[in-house]
Amino acid sequence: MATDDSTLSFAHRNLPRLLLEAREAVMQHTRPSLREHGLSDQQWRVLRVLGEHARDPAGVETGRVAREALLLGPSLTGVLTRMERDGLITRNRCPQDARRTVVRATPAGLKLVRKLSLTIESHYQWMEAQLGPQRLAQLYDLLDDVIALEAPGGVEVDDIEE
């Protein structure tokens, strides 16, 4: 009996596709607010990283921004150029190592982070109400576990230093 080799059967669902679909479903609620303020998804990710590190007086090294915002170096350069032009960030040479660049959110950038975080947090509260606090916590834990499992050498992402 001949088999049809043109169709492949997989034992598991397409996890990367499901993760992308979940991301897009969540971003459907966030994107209108971002666009209202003239931000791309990538610019928001950079601003969020800078907002999370706003108390660091030294700023954030661009390599760390790239890792935490999940952007490749060349893409980050273009994003930072536009954000600097728009007055959302500043870039300076690292005082300890002039080969490195550090980034900081400007007061206008931080104001935007605060404003958008209210909208985003309200959506997370809605998700928590729909899923329940325990299931949302489980989702976060499972995603953290998958990230740690797939990290190079089994190293957790948070353990990577510059």
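I am working on a predicted model, where local features need pLDDT of at least 70, side-chain atom pairs count only at pLDDT 80 or more, and totals for chains, interfaces and linings use all residues. Residues are numbered from 1 along each chain as its sequence is written, and side-chain values use heavy atoms, with hydrogens and water left out.

**Entry 1: glycine 109**

I started with glycine 109, which is buried, with a relative accessible area of 0%. Glycine 109 belongs to helix α5; helices (H or I, at least four residues) and strands (E, at least two) are DSSP runs, numbered from the N terminus. I then listed what glycine 109 touches (contact means heavy atoms within 4.5 Å). Leaving out residues up to four places away in sequence, I found Leu47, Gly87 and Leu88. I also looked up tryptophan 44, 65 residues apart from glycine 109 along the chain, and the two C-alpha atoms are separated by 10.0 Å.

**Entry 2: the core**

Which residues touch the most other members of the largest nonpolar core? My list reads Leu39, Trp44, Val46, Leu47 and Leu50, out of 25 residues in that core. The term stands for a set of buried Ala, Val, Leu, Ile, Met, Phe, Trp, Tyr and Cys residues joined through side-chain atoms within 4.5 Å. At least two core residues come from each of α1 (15-36), α2, α3 (62-69), α4 (73-85), β3 and α5 (107-131). Helix α2 gives the most, with five residues. Leucine 39 touches Leu34, Trp44, Leu47, Leu88, Leu112 and Leu116, again not counting residues up to four places away in sequence.

**Entry 3: the sheet**

Next I traced an open sheet of three strands, in the order β1-β3-β2 with antiparallel pairing. Strands β1 (60-61) and β2 (89-93) are at the edges with a single partner strand each, so one side of each has no neighbour in the sheet. I counted two strands as paired if DSSP finds at least two bridges between them; β1 and β3 (residues 101-105) have two, in the antiparallel sense. Valine 60 sits opposite valine 103 in β3. Helix α2 (residues 41-52) lies across β1, β2 and β3, and runs at about 90° to β3. For that angle, axes are lines fitted to C-alpha atoms, for helices over the stretch in contact, and angles run from 0 to 180 degrees between N-to-C directions.

**Entry 4: aspartate 41**

**Entry 5: helix α3**

Threonine 62 has a relative accessible area of 19%, and its side chain makes a polar contact with that of glutamate 61 (3.5 Å). Just after α3, I noted leucine 70 with a positive phi of about 55°.

Key
Buried means under 20% relative accessible area, exposed over 50%, partly exposed in between (1.4 Å probe, protein chains only). A polar contact is a pair of N or O atoms within 3.5 Å; within protein, one must be able to donate a hydrogen and the other to accept it, and residues adjacent in sequence count only if both atoms are side-chain atoms.
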